[in-house]
Amino acid sequence: MNRVEGRVKVAGLATYAAEYPVEGVTYAYPVQSRIAKGRIRRIDGRDALAMPGVLAVLSSEDPPRLGPAAEGELALFQSREVAYRGQFVAAAVADTYENARAAADAIVVEYDQDLHDVALRADHPNLYQPETVNPGFPSDTVKGDVEAGLNAAETVVDVTYTTPVLHNNPMEPHAALAVWDGEGRLLLYDTTQGTSSSRDLIARTLGLPAEQVRVVSRHVGGGFGSKGTSRPQAVLAALAARAVGRPVKVVLTRQQMFDVTGYRTPTIQRLRLGADADGRLTALEHVAYEQSSTLVEFAEQTATPTRIMYATPAMRTAHRLVRLDVATPSWMRAPGECPGMYALESAMDELACATGIDPIELRVRNEPETEPDSGLPFSSRNLVACLREGARLFGWDRRDPEPGRHREGEWLIGTGVAASTYPAKRRPSKAVVTMREGDFLVQVAAADIGTGARTALAGIAAGALGVAPERVRVELGDSDLPDAPLAGGSMGTASWGSAIVRACEHLKVNGSVGRADTTEEVARDAELSRHAFGAQFAEVRVNSVTGELRVSRLLGVFAAGRILDAKLARSQFVGGMTMGMGMALMEETYTDEEFGGFLRRDLAQYHVPACADVERIEAVWLEEEDGDLNPMGSKGIGEIGIVGTAAAVGNAVYHAIGHRVRDLPITPAKIL
Ligand code: MOS
């Protein structure tokens, strides 16, 4: 299908959070901390308040009232303590954006500064083992005797990889528009991946009952996880609007987004792999070091994909965390799986080179029968089929395994492969379907973050009702609609779609309205290991004189259950793969150890791939039947495309030049 919202989007008619026309709107502009650690001695807003059009100054001098559950980055202006550089410490509210910005500049903030610590190190004295890692996995797992397995191995690979701080950078900046009505009810236009969850969190933060808050998020210009939870702009808009008694709009600049809307934690990952003479693993160990803030423990699940990938008699996975004077890291497309699989799949390639076994064959030999960690059966697992089909399409059999052999003039050419995986789960959701004059209205508080959710859900409803998709209209992006989980964890379509199918079934027996709540259905899901799998192939060209690096081919082959819409699916896969290419070659936010903040805080310095960087990119998928997932038989596809791409590119670079770069991104300086 073509996207049902495609026309309004390309015509500029789709309304985003900051664009709702509201009578009497005013603007808030934040002041950000210039220190990374310490406390605020004094904030003086008198000069700012005397400036033209200024309506209010908010700060911890007179903390705005929040609920007792307000915490972390959302507890705006409650404390004089500064937890990281860039934290919001005050805000000015004025009649125009420019006046608010000028007034914010005139607010005087004095600090008592402490020494900060913002550097992640594998030997940091304050590293600790978190109790769990997101979203609730044990931090550490041990099976068998890893040391014995390594001692018994014919070949051992012991390697450490690092990945930098990465920023999500959705095209639409974080923005919110808050409107209070006469009865103390808040209408919040916010850019968020989940309206029900945002409503609950904002209500908790403000100390209001959930019914007093309505969150509207009809179009979202990307999130990649950074809009998976409410961000400070939403709370600031609500507080400022309450303070001045008028609607308030907050639109973050790109630079502000780098500070307060989350980022992917940097990682240091040590992998130890042992293999016998046939390439069968005798031991597999994956230890990940990562950071969080002093405000909130955010423990990314970096080593968890290793628990499900390969058969081995001995396996240990572990996470170590350090709380630094930094902003809290957060979700970024395939949090955990993406950096974790970069390290594992790079190490598997190193093992293939060390054993002299073809990297595809090595993976096939270590294919498990059941999920290695839990012993649970897979609902479906077609990794081997993806590798084989990819090898065929990519022309893998023509590859000379020896690195550094393929040269065209100045250019060295290499190819690489990596496996990909992402969980395929669902969450409870509600939905209502109403028949009106032969057409159907589907209502669900889902969010379309650019994936084409409206289109996919219309297709699901049409299938369940047995009608043409043109007769179905989907209304979403409003917390007043039936409660739905957020667009995250690649679970959106599976969760909302399940509720829509059940609501359609109910409508068929009920006549004109069908309602569903899948809470009980989801709770009855049998215990199975549910994951999508894929294989990523890359061809790179490396200039031996300049170090210039080009990805000339990317191919992803995925086994992700039933693909609901080919056009939408291709966009998700190709988008994820492109983002993975950015991770491999370009994306990196430096942490400034001297001043404690992030350096590279805009798109001029933080490079993401442009169309010209992407040469030949293809995503294909296998027909996969999996009846154990949900009524559609679908697996999520929003995140798997990024998983494994950076490893495939890195493995191709090694194959091109014969030198292994273990610290992302792989820039020309690291090649020469
Ligand atoms: Mo995604 S990082 O689960 O929004």
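**Salt bridges across the chain**

Good morning. I begin with Arg-218, which is partly exposed, at a relative accessible area of 29%. Please bear in mind that the model before you is a predicted one.

The side chain of Arg-218 meets that of Asp-478 in a salt bridge, with 3.7 Å from N to O. Asp-478 belongs to the loop between β22 and α13, and Arg-218 to the loop between β13 and α6, so this pair ties together parts 260 residues apart in sequence. What of the accessibility of Asp-478: is this residue buried or exposed? Asp-478 counts as buried, because its relative accessibility is 5%, and the cut-off for buried is under 20%. Elsewhere, salt bridges that share partners join six residues into one network: Arg-41, Arg-42, Asp-44, Arg-46, Glu-110 and Asp-112.

How many salt bridges does the whole structure hold? The search finds 44. One of them links Arg-185 and Asp-480, at 3.2 Å from N to O. Arg-185 lies in the loop between β11 and β12, while Asp-480 lies in the loop between β22 and α13; the pair therefore ties together parts 295 residues apart in sequence. Arg-185 is partly exposed at 26%, and Asp-480 is partly exposed at 44%.

Next, Arg-199 forms a salt bridge with Asp-483, and their closest N and O atoms are 3.3 Å apart. Arg-199 sits in helix α5 and Asp-483 in the loop between β22 and α13, so parts 284 residues apart in sequence are tied together. Here Arg-199 is buried, at 11%, whereas Asp-483 is partly exposed, at 30%.

Finally, I turn to Ser-346, in helix α9. Ser-346 counts as buried, at 3% relative accessibility. Beyond its neighbours within four places in sequence, its contacts include Tyr-161 and Arg-660.

Terms used. Residues numbered from 1 in each chain as written. Predicted model: local features only at pLDDT ≥ 70, side-chain atom pairs only at ≥ 80, totals over all residues. Heavy atoms only, no water. Helix = DSSP H or I, 4+ residues; strand = E, 2+ residues; numbered from the N terminus. Buried < 20%, exposed > 50% of the residue type's maximum accessible area, 1.4 Å probe, protein only. Contact = heavy atoms within 4.5 Å. Salt bridge = Lys/Arg side-chain N within 4 Å of Asp/Glu carboxyl O.
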